Amino acid sequence: METVNKKSISEKIAEDHNLTKKEAGDIVSEVFELMTAALKDGNKVDITGFGKFEVKTRAAREGINPQTKEKIEIPASKIPGFKASKSLKDEVR
């Protein structure tokens, strides 16, 4: 199984669209930067046919330190979430 990363995406775009690897890499980086900025501002990112990215909030909760068995308070936090579109799910199946 092969891992697809930013570099491999950039190389494929460069090859398919007659761009340099640097130009394609800059475009891919720009897309990810725009998505990150939108999520950071609390917006959703909806890519038709792929899925939706959104920021989810985890509530504060009580946890246990595994070394000392002492109870600790874990503060609320925000995490990025992703929900695949139906068409992506169907393609993967």
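## Basis of the model

The model is predicted, so local features need pLDDT of at least 70 and side-chain atom pairs count only at pLDDT 80 or more, while totals for chains, interfaces and linings use all residues. Residues are numbered from 1 along each chain as its sequence is written, and side-chain values use heavy atoms, with hydrogens and water left out.

Strand β3 covers residues 61-64 and strand β4 residues 71-74; the two run antiparallel and are joined by four bridges. Strands here are DSSP runs of E with at least two residues, helices are runs of H or I with at least four, and both are numbered from the N terminus. Two strands pair if DSSP finds at least two bridges between them.

Within this pairing, E62 stands opposite E73, and G63 has I72 as its bridge partner. Six residues lie between the strands of the hairpin, and K69 in the turn has a positive phi of about 60 degrees.

## The nonpolar surface patch

V4, I9, L19, I27, V31 and F32 make up a nonpolar patch with about 480 Å² of accessible area together. Such a patch takes residues with over 30% relative accessible area and no salt bridge, joining nonpolar side chains (Val, Leu, Ile, Met, Phe, Trp, Tyr) within 5 Å and like charges within 9 Å. A salt bridge is a side-chain nitrogen of Lys or Arg within 4 Å of a carboxyl oxygen of Asp or Glu. Areas come from the Shrake-Rupley method with a 1.4 Å probe, and for residues only the protein chains shown count as cover.

Helix α2 (residues 21-40) gives the largest share of the patch, three residues. V31 lies in α2 and is partly exposed, at 41% relative accessible area. Partly exposed lies between buried (under 20%) and exposed (over 50%), with a 1.4 Å probe and protein chains only.

## The largest pocket

The largest pocket has a volume of about 180 Å³. A pocket is an open set of points on a 1 Å grid over the protein atoms alone, with protein on both sides within 12 Å along at least five of seven lines; lining residues have an atom within 4 Å of a point. Its volume is the space filled by probe spheres set on the points.

Among the lining residues are I13, M35, I47, F50 and F53. Helix α2 supplies the largest share of the lining, five residues.

## S10

S10 is in helix α1 and counts as buried, at 7% relative accessibility.

Definitions and conventions:
1 Å grid on protein atoms, 1.4 Å probe; cavity = no way out; pocket = protein on both sides within 12 Å on 5 of 7 lines; lining within 4 Å.
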